[in-house]
Amino acid sequence: TNMESTGCLSVSNMLLTNLSLRTICLSDNGLNDQDLSLFSQSLSRNRELPLETLRLSFNKLTCVGVETLMNAIWGSKSLREIKLDNNQIRDRGAQLAAVVLTSVNLEVLDMGFNRLTIVGIKALMKSLAENRSLLTLTLSGNVLDTNASKAVSYALAYNKTIKKLYVDHCSLSYAAQRHIAAGIVSNSNLALRVMSGFPLGAISVTLGLPGAMETWSNEQVL
């Protein structure tokens with residue numbers, strides 16, 4: 001809706017007294033860190049708000065704004081979904097999100113298209129390996145080189161709850177694909193049912209799985 005700072009201020013003021021709002025979508029509104037800081041202050045001051053879903057995609061947010069947000073939602077008992085894709089939060093923002101995963105039982109986290117590197121990916125994957133609530137994770141649009149893919153592989157080898165993983169447009173090399181596939185194959189307790197980004201069947205065959213799987217869809221393999 002492109003409401004920008006004025007509209008965000010109105011929402012922030014409304015949050016101070018609201019006791020019923022469960023979903024807030026502020027995507028594609030040209031919001032910056034100052035806007036998010038004011039919004040986060042309102043969240044911090046109203047701990048009775050039963051917020052479950054927060055969507056902040058396609059704005060102008062950096063790690064500075066994300067830090068104020070993560071401080072505000074720390075320990076939330078109701079929040080289940082955060083979408084921060086298509087911003088500029090980079091590695092520091094990813095590190096902050098990874099820490100929050102230890103205190104909030106998020107089920108959906110979208111970090112797509114934020115120019116994350118190995119530093120941010122490793123932080124997220126270390127948290128994911130031990131996480132027991134996250135069901136959907138989006139990393140699309142962030143380059144996953146060989147080292148970053150090893151981190152993803154590690155997380156998938158230990159996680160038992162993630163059901164959907166999106167790694168589209170991640171410039172995955174053949175070696176990177178094999179690392180991720182190896183993590184999936186190695187975990188008999190993995191709950192993963194949906195994965196996008198590369199054909200899992202063909203890669204799995206190179207890891208010693210039956211040749212018939214080469215033409216299978218990712219859903220069939222999983």
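Ile162 sits in the loop between α6 and β6, and in this predicted model Ile162 is buried, with a relative accessible area of 1%. Apart from neighbours within four places in sequence, the contacts of Ile162 are Leu128, Leu134, Leu135, Thr136, Leu137, Leu156, Leu190, Ala191 and Leu192. Val108 lies 54 residues away from Ile162 in sequence, with a C-alpha to C-alpha distance of 9.6 Å.

**Helix α6 and its surroundings**

- Helix α6 has 13 residues and spans 19 Å from its first C-alpha to its last, which is close to the 18 Å expected at 1.5 Å a residue.
- Ala148, Ser149, Ala151, Val152, Ser153, Ala155 and Leu156 are the buried residues of α6, and the elements that cover these buried residues include α5 (118–130), β6 (164–166) and α7 (174–186).
- Leu156, one of the buried residues of α6, is also among the residues in contact with Ile162.

- In general, an α-helix has 3.6 residues a turn, so residues three or four places apart point the same way.
- Tyr154 counts as partly exposed at 44% relative accessibility, and Tyr158 likewise counts as partly exposed, at 48%.

**Packing of α1 with α2**

- Helix α1 (residues 4–15) and helix α2 (residues 33–45) have axes that come within 8 Å and cross at roughly 10°, which makes α1 roughly parallel to α2.
- On the α1 side the contact is made by Ser5, Cys8, Leu9, Val11, Ser12, Asn13 and Leu15, and on the α2 side by Asp35, Leu38, Phe39, Ser42 and Leu43.
- By residue class, the contact of α1 with α2 consists of seven nonpolar residues, four polar ones and one charged one.

**Packing of α3 with α4**

- Helix α3 (residues 63–73) packs with helix α4 (residues 90–100) at an angle of about 10°, and their axes are 9 Å apart; α3 and α4 are therefore roughly parallel to each other.
- The residues of α3 that take part are Cys63, Val66, Glu67, Met70 and Ile73, which meet Arg92, Gly93, Leu96, Ala97 and Val100 in α4.
- The residues of the contact of α3 with α4 divide into seven nonpolar, one polar and two charged.

- Arg90, although not a glycine, has a positive phi of about 55°; Arg90 is placed in helix α4 and counts as partly exposed at 42% relative accessibility.
- Phe113 is likewise not a glycine and has a positive phi of about 55°; Phe113 is found in the loop between β4 (108–110) and α5, and at 38% relative accessibility Phe113 counts as partly exposed.

Conventions. Residues are numbered from 1 along each chain as its sequence is written. This is a predicted model: local features need pLDDT of at least 70, side-chain atom pairs count only at pLDDT 80 or more; totals for chains, interfaces and linings use all residues. Side-chain values use heavy atoms; hydrogens and water are left out. Buried means under 20% relative accessible area, exposed over 50%, partly exposed in between (1.4 Å probe, protein chains only). Axes are lines fitted to C-alpha atoms, for helices over the stretch in contact, and angles run from 0 to 180 degrees between N-to-C directions. Helices (H or I, at least four residues) and strands (E, at least two) are DSSP runs, numbered from the N terminus. Angles under 35 degrees count as roughly parallel, over 145 as roughly antiparallel, 65 to 115 as roughly perpendicular and the rest as oblique. Contact means heavy atoms within 4.5 Å. Ala, Val, Leu, Ile, Met, Phe, Trp, Tyr, Cys and Pro count as nonpolar, Asp, Glu, Lys and Arg as charged, and the others, Gly among them, as polar. The expected span of a helix is 1.5 Å times one less than its number of residues.
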